[in-house]
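Here are my notes on the sheet region you asked about. Have the model open while you read.

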Amino acid sequence: MIVRLPFGRHALPVDLRGLRCHALEPAAPRATEGPAALAAAALDHPVAGPPLAELARGARRVTLLVPDATRQAELPAVLPVIGQRLAAAGVPPARLTVLVACGTHPPVSGEELVPLLGPLPDGVTVIQHDAHDEASLVVAGTLPSGLTVRLHRALLQADLVVAVSTLAHHYFAGFTGGPKLVFPGVAGYEEIQHNHARVLDFDHRPPRRHPGCEPGRLEGNPVAEEIASAAALRPPDLALAMIRGKDGRPAWMGAGPLDAVMAAGTALLRQWYEVAAGPFQRLVVSGGGHPFDHTLIQAHKALDAACRFASPGAEVLFVAACDGGPGSPAMEPFLADPTPEAILARLAERYVQYGHTTLRLVEKTAHFRVFAVTRLPEELVRRLGMSPVGDPQRLLDGWREAAPGAVVGVMVGAPVYPAG
């Protein structure tokens, strides 16, 4: 079996013949319609509530809440469809703001916004959220936990908010997309850190990851529950959500109130993206290619998913370009001394979300033999407990020689998760 492993903007072909490959892939169908057609059908026939053209009548300030480049949502195809419905409702481009939900990710240049958003009509305002920009944040309310939540003023001042997102499993927040577009998408930095810190249980001795913070889990997940509460302070008036099919293109879109769309979407995600397989002693996993493997922070999510199918001490070939490096300066202090003890000590003093990412990574490299094909510095790769590999085929040939006919789990597309 010849497999092309996505790697940055290209792919690495590898020969797995002589090994028995078990494809770890979703049960999702391939897309049968283009994203514009799917969006039009969803907006005109929502899962609940009125269609967008009816909902938008009389709106004076409309905010379109969209994800940044790390979360592909077919915006060049979808935004014109939304614009047509708004125009039919009497909303001109001058009343429209596109708010890019960057969370803690850095904004991109104007040139990089063009492929993300596609061409926009004259008069549309585009804002990239900056979690550190205090002047752009307005208090939206206080949660039962006592957390005061600030959100971007362009969200709170709009009388109609339409949110576009891609739903998928998230390795500790249950699912990504949906309410995450509001919080942490356009929230203040400090409250984002406060929320993400709930992934760790420092009351337990020794400190541990909270057992409820798992992919696909919402109930009993303190991170997910707080995200839902924060998003409810200013939920989208209409959420348009999509789920990707086996070929990477959207195979489903639903629109309507956020709760209704999330109920329909997460049920479908569990059906399509949770599989019964493994455990495997050998695994091949790709970070997914650009933009999903642009940084270690993003690429790690595929490794996390694959290792859930690994048996103790398994060998894992991890292919991720990471042309953007680790992904955040905030990660650097944790990379300098990436032992679980040192990372937990730092996080106990002050939680930083990318410290947790580093912790999750070194936990995996402590339990599994991870061989990395990457453009990260070799010294950093070794410090994180991985073995740098220049030629992945040589490693695979070694597997074949050591155990002819061995079963190998192969995850090269969208990550999937163990059923149940």
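Which residue stands opposite alanine 372 in S20? Keep that in mind for point 2; one reminder first, that this is a predicted model.

1. Let's begin with the overall layout. The sheet is open, has six strands and pairs them in parallel, in the order S3-S21-S17-S18-S19-S20. Strand S3 (20-23) and S20 sit at the edges, each pairing on one side only.

2. Now the S20 end. The residue opposite alanine 372 is proline 388 in S20. S19 and strand S20 (residues 387-388) run parallel and are joined by two bridges. Helix H13 (residues 378-383) belongs here too: together with S19 and S20 it makes a right-handed β-α-β unit.

3. On its other pairing, S19 meets strand S18 (residues 310-319) in the parallel sense, over five bridges. If you want a pair to click on, take leucine 317, whose bridge partner in S19 is phenylalanine 371.

4. Is strand S19 mostly buried or mostly exposed? Buried: four of the five residues in S19 (residues 369-373) fall under the 20% relative accessible area cut-off. That's why I'd describe S19 as largely enclosed by the rest of the structure.

5. S18 also pairs with strand S17 (residues 280-286), again in the parallel sense, and here there are six bridges. Leucine 283 stands opposite valine 316 in S18. Helix H9 (residues 296-307) packs on the sheet and touches S17, S18, S19 and strand S21 (407-411). The direction of H9 makes about 150 degrees with that of S18.

6. Helix H14 (residues 392-402) deserves a look as well. H14 lies across S17, S18, S19 and S21, and runs at about 150 degrees to S18.

7. Last, a loop residue: phenylalanine 309, found between H9 and S18. Is phenylalanine 309 buried or exposed? With a relative accessible area of 1%, phenylalanine 309 counts as buried, because the cut-off is under 20%. Leaving aside residues up to four places away in sequence, phenylalanine 309 touches a list of residues that includes Leu24, Val275, Phe280, Leu283, Met411, Tyr417 and Pro418. Leucine 283, one of those contacts, is the residue from point 5 that stands opposite valine 316. As for glutamate 363, it lies 54 residues from phenylalanine 309 along the chain, and the C-alpha atoms of the two are separated by 15 Å.

Methods:
Residues numbered from 1 in each chain as written. Predicted model: local features only at pLDDT ≥ 70, side-chain atom pairs only at ≥ 80, totals over all residues. Heavy atoms only, no water. Buried < 20%, exposed > 50% of the residue type's maximum accessible area, 1.4 Å probe, protein only. Pairing = 2+ DSSP bridges. Right-handed = clockwise from strand over helix to strand, strands pointing away. Contact = heavy atoms within 4.5 Å. Axes fitted to C-alpha atoms, helices over the stretch in contact; angles between N-to-C directions.
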